[in-house]
Amino acid sequence: MKKQADEMQLSIATRAMKWLGIFYTVSLLFWTVTDLFFNKQLGIQFIILLAGLIIFFVSMMVMKQKMQ
């Protein structure tokens with residue numbers, strides 16, 4: 001039987017996910033800017049970056065609506 005995570009474990013996991021999101025966003029943004037500068041085109045990394053940001057903001061809006 002698994003025990004549920006306590007508040008400290010949830011807080012640590014939330015902070016880790018925040019840093020993971022920042023890392024992925026900055027990495028994809030850097031890759032996009034570099035590709036745009038050297039190759040004068042936007043690659044698949046730009047689509048992945050936009051999709052991730054859209055998912056983030058839409059989920060934020062949905063969660064805020066559910067709270068009200």
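Which residues form a nonpolar patch on the surface, and how much accessible area do they have together? I was working from a predicted model, and I found that the patch is formed by Leu50, Leu53, Ile54, Phe56, Phe57, Val58, Met60 and Val62, which have about 680 Å² of accessible area together.

I then picked out one of these residues, Ile54, and located it in helix 2, which covers residues 44-67.

Next I turned to the annotation. An unreviewed UniProt entry places the feature "transmembrane region" at residues 21-38 and 44-63. I checked both ranges against the model: residues 21-38 are 100% helix and 0% strand, with the end C-alpha atoms 26 Å apart, while residues 44-63 are likewise 100% helix and 0% strand, with their end C-alpha atoms 28 Å apart.

Last, I looked at the chain as a whole, in which I counted 2 helices and 0 strands. The radius of gyration of the chain is 17 Å, well over the 11 Å that the globule rule gives for 68 residues, so I recorded the chain as more spread out than a compact globule. Along the principal axes, the C-alpha atoms fill a box of roughly 50 × 25 × 20 Å.

For the surface of the chain, I noted an accessible area of about 6600 Å², 74% of which belongs to carbon and sulfur atoms, and I noted too that buried residues make up 9% of the 68 residues.

Conventions: Residues numbered from 1 in each chain as written. Predicted model: local features only at pLDDT ≥ 70, side-chain atom pairs only at ≥ 80, totals over all residues. Heavy atoms only, no water. Patch = residues over 30% accessible without salt bridge, like charges linked within 9 Å, V, L, I, M, F, W, Y side chains within 5 Å. Areas by Shrake-Rupley, 256 points an atom, 1.4 Å probe, with all protein chains shown as cover. Salt bridge = Lys/Arg side-chain N within 4 Å of Asp/Glu carboxyl O. Helix = DSSP H or I, 4+ residues; strand = E, 2+ residues; numbered from the N terminus. UniProt positions renumbered as here; feature names shortened; annotations may be inferred. Rg over C-alpha atoms; globule rule 2.2 N^0.38 Å. Buried < 20%, exposed > 50% of the residue type's maximum accessible area, 1.4 Å probe, protein only.
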